Amino acid sequence: MPTNSRFKIAYALLIVCAAARLLLQMAALPPYAGLDEVYHVARLAFVRAEHRNPTTTEPSIPPYLMASIAAAHEGGAPTAMPAMGEAGDRWPSIVAARGGHVLVDRPLASADVKPYVVRNYEAQQTSIYYSLTARLVPLRSAVFELRFWRLLSLLFALITVLATAEIGRRWLGPIGILGGAILVSLPTWETLVLRASNDAFSCMLVAVAIAISVAAPRRALLIAAEALAWGLALNAKMYTWPLLIVLPLLWRRQKAGKARIAAVSVVSLIAIVLTFAELSARTSTEVVQYPGGSPLGVVALAHQAGPVNEANASISEIVRVTIASAAWTSGQHNDALRPAAIALYLGPIVIAMIVALRRENVAPALLALGAFAIAQTYNVIVCVLARRAGSQVPIGGKEGWYWFVLVPIVVPALLLPALSRWRLAAWWIVAWDVVITEVALFHDFAGTSSPAHGSMLFRWGPLHLPFTAHLTGIGVGPLAAWTTFIRLIHLGAFFGLESILQKSTKAHLRLNDRNTDTAHPN
């Protein structure tokens, strides 16, 4: 088969594989189960209604979403759709009390939207995602809008997959495309991107920016696209900023022209300045150091005044959460792999990565990881100082899932060499994806597990057989009743993709060997 035909088939299979896995997650997710999802939806609803973004000091959560938050707690309205992310270990009892049907799909009236109830801490985020996507969804029902905003996240995540695959292809040849397929089998990445929030949007923009930079653009139009992509990514969310550190290394390797360096640098600087300006204007804080507004937003959570319970950070907790998130973070209901299971899952992969490392691509990944670690450390320090000054801002730096914004660099540079050397490594990751998702997560969603019955693998239990969770009436969907069929599509597409890429890689190596023999005859 010609190489171009194989690449077309490979990318087609990648799209099917990734779309199926992302749809699987979307189909099963209960209402507002994602990390802080209900507050992101509240921000979107406010922007849709008011045609502007809220400040951190004004009430901006609509009554219908406040009712969903209350429904996740004792004494909440039984007629409201409960927010799983707020329920924690109460979720199983909520599902049981509602007879296994938690969705409430009714038209929203004006009284459901206004007056706004309380302040929203997600008002600290930059505006670009909310301004672009809020008004794409008409006011119909809570289920309808949640599905639509999640569908947008699925689209953004799919673009991230394609960008990661292209980075991998440029660095490692045909087998690099497999990086995109592996990405969707990283459960924490799924938790991060497959919800209504600005994370999938931010991950998409920075992945596209890196992909263009790795391609070493020379034409003016592509250089402009590179600069624009970096500018949008930096403005979308600040956890993209550490990835800037890879640019000087790429430019030096590529012998980039001065015009390209200047264009990307200027646009990036403008994006950062605009971000500071916007957050300073919209955020307000009770902290003395920031009497007007905070240019970082993250320390501008204008919580109600009250006693400061703990001003210092727990380093051990931050480390534990980060390591656990590298394996799997389930969301705010806090199921997780136990330490022994983390070692069983990640141990072979880490060993394979170390053995198979390729020196030429390690530097960008290590730089990005180091810069992100420094940024998280700064986040911790700022939050500690803010709390000592009287703010109720929670201690940052424990967001282990944020590290997954680095996957467009880390997966091709560190993980793919191992997958190209040992086929079993790729299937090991996919197998654990099935175990984590179908054995644990979907049963958590269905309310058939709890922290009271932890297992040898998971904090929540008991263990269930895969593909036995009943999610109809619980997963917002669509296609919540078809999760097993969707998973089979994912696995079939992954098998086809992995097989064709292995054949393409062997053909690629044989061609290189022939070219070497021709260039250096005996």
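One definition before we start: a residue counts as buried when its relative accessible area is under 20%, exposed when that value is over 50%, and partly exposed in between. Keep in mind, too, that this is a predicted model.

Stop 1: Select Arg 21. Is Arg 21 buried or exposed? Its relative accessibility is 0%, so Arg 21 counts as buried. Side chains of opposite charge can pair when their charged atoms come close. The whole structure has 16 salt bridges.

**Stop 2: Asp 199 and its partners.** Pick Asp 199, which counts as buried because its relative accessibility is 0%. Which residue has an N atom 2.3 Å from an O atom of Asp 199 in a salt bridge? Show Arg 195 to see that partner; at 2% relative accessibility, Arg 195 is buried. Next, show Lys 237, whose side chain meets Asp 199 in a salt bridge of 3.0 Å, N to O. Here Lys 237 lies in the loop between helix H12 (220–236) and helix H13 (246–254), while Asp 199 belongs to helix H11 (residues 199–214), 38 residues away. Both Lys 237 and Asp 199 are buried.

**Stop 3: the largest cavity.** A search of the whole structure turns up 4 cavities of 30 Å³ or more, and the largest holds about 60 Å³ of space. Select some of its lining, including Gln 25, Glu 190, Leu 194 and Phe 445. By class, the lining has 5 nonpolar, 5 polar and 1 charged residues.

Stop 4: Of its 20 lining residues, select the closest to the centre: Ala 326, Leu 346, Met 353, Phe 404 and Val 410. This lining splits into 18 nonpolar, 2 polar and no charged residues.

Stop 5: Finish with Val 16, Leu 479, Trp 482, Phe 485 and Ile 489, which make a nonpolar surface patch of about 480 Å². Zoom in on Phe 485 in helix H20 (residues 483–519): its relative accessibility is 47%, so Phe 485 counts as partly exposed.

Terms used:
Residues are numbered from 1 along each chain as its sequence is written. This is a predicted model: local features need pLDDT of at least 70, side-chain atom pairs count only at pLDDT 80 or more; totals for chains, interfaces and linings use all residues. Side-chain values use heavy atoms; hydrogens and water are left out. On a 1 Å grid over the protein atoms alone, a cavity is a set of points where a 1.4 Å probe fits but cannot get out, and a pocket is an open set with protein on both sides within 12 Å along at least five of seven lines; lining residues have an atom within 4 Å of a point. Grid points are joined across faces, edges and corners, and a volume is the space filled by probe spheres set on the points. Ala, Val, Leu, Ile, Met, Phe, Trp, Tyr, Cys and Pro count as nonpolar, Asp, Glu, Lys and Arg as charged, and the others, Gly among them, as polar. Patches are made of residues with over 30% relative accessible area and no salt bridge: like charges are joined within 9 Å, nonpolar side chains (Val, Leu, Ile, Met, Phe, Trp, Tyr) within 5 Å. Accessible areas come from the Shrake-Rupley method with a 1.4 Å probe; for residues, only the protein chains shown count as cover. A salt bridge is a side-chain nitrogen of Lys or Arg within 4 Å of a carboxyl oxygen of Asp or Glu. Helices (H or I, at least four residues) and strands (E, at least two) are DSSP runs, numbered from the N terminus. Buried means under 20% relative accessible area, exposed over 50%, partly exposed in between (1.4 Å probe, protein chains only).
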